[in-house]
Amino acid sequence: MHNGRLALLILYFLVINVLFFLPGSALPKAGWLQAVHIDKWVHAGIFALLGLLVFYNQAWWHRRRGWWLTAAAGYGLAVECAQHLWVANREFDVWDWVADVAGALLAIFIWKGLQKNRPL
């Protein structure tokens, strides 16, 4: 069962990396969704799900929330820097990074709520 969990985490990580490193021209135009900052919600959701998958794979991570938060913040910062330096039509956006960190925090709160109701 743990192999399936790990496979899902790895697959998800690969998919989000492909999405993060697509050229800006390959992304759909936001239109009215730009007004509600949909890209920030997407970033937060991506990192929240990543955190939940990490916690689900390694129960000890949820007891080391500071490490998870540091790792997620570092990964989000690295993605933003890489987009700025190497991906066409993409740039560093500090608010994307803030949304990444918010998503990582959201994962912690969701996991804690799940743990209260039923240990996973």
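**Before you start**

The model is a predicted one, in which local features need pLDDT of at least 70 and side-chain atom pairs count only at pLDDT 80 or more, while totals for chains, interfaces and linings use all residues. Residues are numbered from 1 along each chain as its sequence is written, and side-chain values use heavy atoms, with hydrogens and water left out.

**Stop 1: the whole chain**

Show the chain as a cartoon, and you will find 4 helices and 0 strands, where helices (H or I, at least four residues) and strands (E, at least two) are DSSP runs numbered from the N terminus. Of its 120 residues, 35% count as buried; buried means under 20% relative accessible area, exposed over 50%, and partly exposed in between, with a 1.4 Å probe and protein chains only. A contact means heavy atoms within 4.5 Å, and among the contacts in the chain with a separation of 6 or more, 75% are between residues 24 or more positions apart.

**Stop 2: helix 1 against helix 3**

Now select residues 2-20, which are helix 1, together with helix 3; the two pack at an angle of about 35°, and their axes are 11 Å apart. Here the axes are lines fitted to C-alpha atoms, for helices over the stretch in contact, and angles run from 0 to 180 degrees between N-to-C directions. Show the side chains of Phe13, Ile16, Asn17 and Phe20 in helix 1, which meet Tyr75, Val79 and Gln83 in helix 3. By class, this contact has 5 nonpolar, 2 polar and no charged residues, where Ala, Val, Leu, Ile, Met, Phe, Trp, Tyr, Cys and Pro count as nonpolar, Asp, Glu, Lys and Arg as charged, and the others, Gly among them, as polar.

**Stop 3: the aromatic rings**

Rings of Phe, Tyr and Trp (its six-membered ring) pair if their centres lie within 6.5 Å, and planes under 30 degrees apart count as stacked, over 60 as edge-to-face and the rest as tilted. By this rule the count comes to 6 aromatic pairs. Select Phe55 and Trp68, whose ring centres are 5.7 Å apart and whose planes stand at 70°, so the pair is edge-to-face. Because Phe55 lies in helix 2 and Trp68 in helix 3, this pair ties together parts that are 13 residues apart in sequence. Phe55 counts as buried at 1% relative accessibility, and Trp111 is buried with a relative accessible area of 4%. For a further view, select Phe13, Phe20, Phe47 and Tyr75, which form one aromatic cluster.

**Stop 4**

Select residues 94-117, which are the 24 residues of helix 4; they should span 34 Å at 1.5 Å a residue, and the end C-alpha atoms are 35 Å apart, which agrees. The expected span is 1.5 Å times one less than the number of residues. The buried residues of this helix include Ala99, Val101, Gly103, Ala104 and Ala107, and what covers its buried residues includes helix 2 (38-57) and helix 3 (65-86).

From helix 2, select Ala48, which is buried with a relative accessible area of 6%. Not counting residues up to four places away in sequence, Ala48 touches Gly103, Ala104, Leu106 and Ala107. From helix 3, select Ala73, which is buried with a relative accessible area of 17%. Leaving aside neighbours within four places in sequence, Ala73 is in contact with Trp97 and Val101.

**Stop 5: a residue in the loop**

Finally, select Asn89, in the loop between helix 3 and helix 4, where it counts as exposed at 63% relative accessibility. The phi angle of Asn89 is near 60°, a positive value in a residue other than glycine.
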